[in-house]
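I opened a new notebook page for this chain. My plan is to look things up one at a time and write down what I find.

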Amino acid sequence: MAAGFKTVEPMEYYRRFLKENCRPDGRELGEFRTTTVNIGSISTADGSALVKLGNTTVVCGVKAEFAAPPTDAPDKGYVGKFSDFIILI
């Protein structure tokens, strides 16, 4: 029943919780979800992190490499950067 009400009248659904100073999951409005951060999670990446926020998990990996400058601009090298994010809900 609550799931149907949330779908049909989402504003009223959340308004009722706000009147009670709580969230649908039972937390108070100022109460944060449990958060953990683990850096260096991916050994093959130059930088990485695994972040858990409540029931959501995000994995991020970053690779970077120096790129050779183009022949027409030999003093204009750059750093190539690559990132990837995976969100697990």
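Before I start, I need one cut-off: a residue is buried when its relative accessible area is under 20%, exposed when that area is over 50%, and partly exposed in between. I also note that the model is predicted.

**Entry 1: the aromatic rings**

I looked up Tyr13 with that cut-off in hand. Its relative accessible area is 13%, so Tyr13 is buried. Then I asked how many aromatic pairs the count comes to. It comes to two. In one of them, Tyr13 and Tyr14 sit edge-to-face, with 5.0 Å from centre to centre and 85 degrees between the planes. Tyr14 has 39% relative accessibility, so I wrote it down as partly exposed. Tyr13 also pairs with Phe17: the ring centres are 5.2 Å apart and the planes stand at 70 degrees, so this pair is edge-to-face. I checked where these two residues lie. Both Tyr13 and Phe17 are in helix H2, four residues apart, or about one turn of the helix. Phe17 is partly exposed, at 22% relative accessibility. Together, Tyr13, Tyr14 and Phe17 make one aromatic cluster.

**Entry 2: charged side chains**

Next I went through the salt bridges. I counted three. Glu12 and Arg15 form one of them, at 3.3 Å from N to O. Arg16 and Glu12 form another salt bridge, at 3.5 Å from N to O. These two are four residues apart in helix H2, again about one helical turn.

I looked up the accessibility of each partner. Glu12 is partly exposed at 24%. Arg15 is partly exposed at 38%. Arg16 is partly exposed at 48%.

Arg27 and Asp25 form a salt bridge too, at 2.7 Å from N to O. Is Arg27 buried or exposed? Arg27 is buried, with a relative accessible area of 12%. Shared partners join Glu12, Arg15 and Arg16 into one network of salt bridges.

**Entry 3: a loop residue**

I stopped at Asn21. This residue lies in the loop between helix H2 (10-19) and strand E1 (35-39). Its phi is positive, about 55 degrees, although Asn21 is not a glycine.

I picked Leu50 first. It lies in strand E2, which covers residues 47-53. At 25% relative accessibility, Leu50 is partly exposed. Which residues does it touch, leaving out those up to four places away in sequence? I noted Thr36, Val37, Asn38, Ser41, Thr57, Val58 and Val59. I also looked up a C-alpha distance. Leu50 and Cys60 are ten residues apart along the chain, and their C-alpha atoms are separated by 6.5 Å.

Then I turned to Thr57, one of the contacts of Leu50. Thr57 is found in strand E3, residues 56-67. Its relative accessible area is 16%, so Thr57 is buried.

**Entry 4: domains and the record**

I looked up how the chain is divided. The domain assignment gives domain 1 (1-31) and domain 2 (32-88). The centres of the two domains, taken over C-alpha atoms, are separated by 36 Å.

**Entry 5: confidence**

Last, I looked up the pLDDT values. The chain has a mean pLDDT of 85, and 98% of its residues reach 70 or more. Which element has the lowest mean pLDDT? It is strand E4 (residues 78-88), with 73. E1 has the highest, with 96.

Key
Residues numbered from 1 in each chain as written. Predicted model: local features only at pLDDT ≥ 70, side-chain atom pairs only at ≥ 80, totals over all residues. Heavy atoms only, no water. Buried < 20%, exposed > 50% of the residue type's maximum accessible area, 1.4 Å probe, protein only. Salt bridge = Lys/Arg side-chain N within 4 Å of Asp/Glu carboxyl O. Domains from an automatic or database assignment. Contact = heavy atoms within 4.5 Å. pLDDT = per-residue confidence, 0-100. Phe/Tyr/Trp six-rings, centres within 6.5 Å; stacked < 30°, edge-to-face > 60°.
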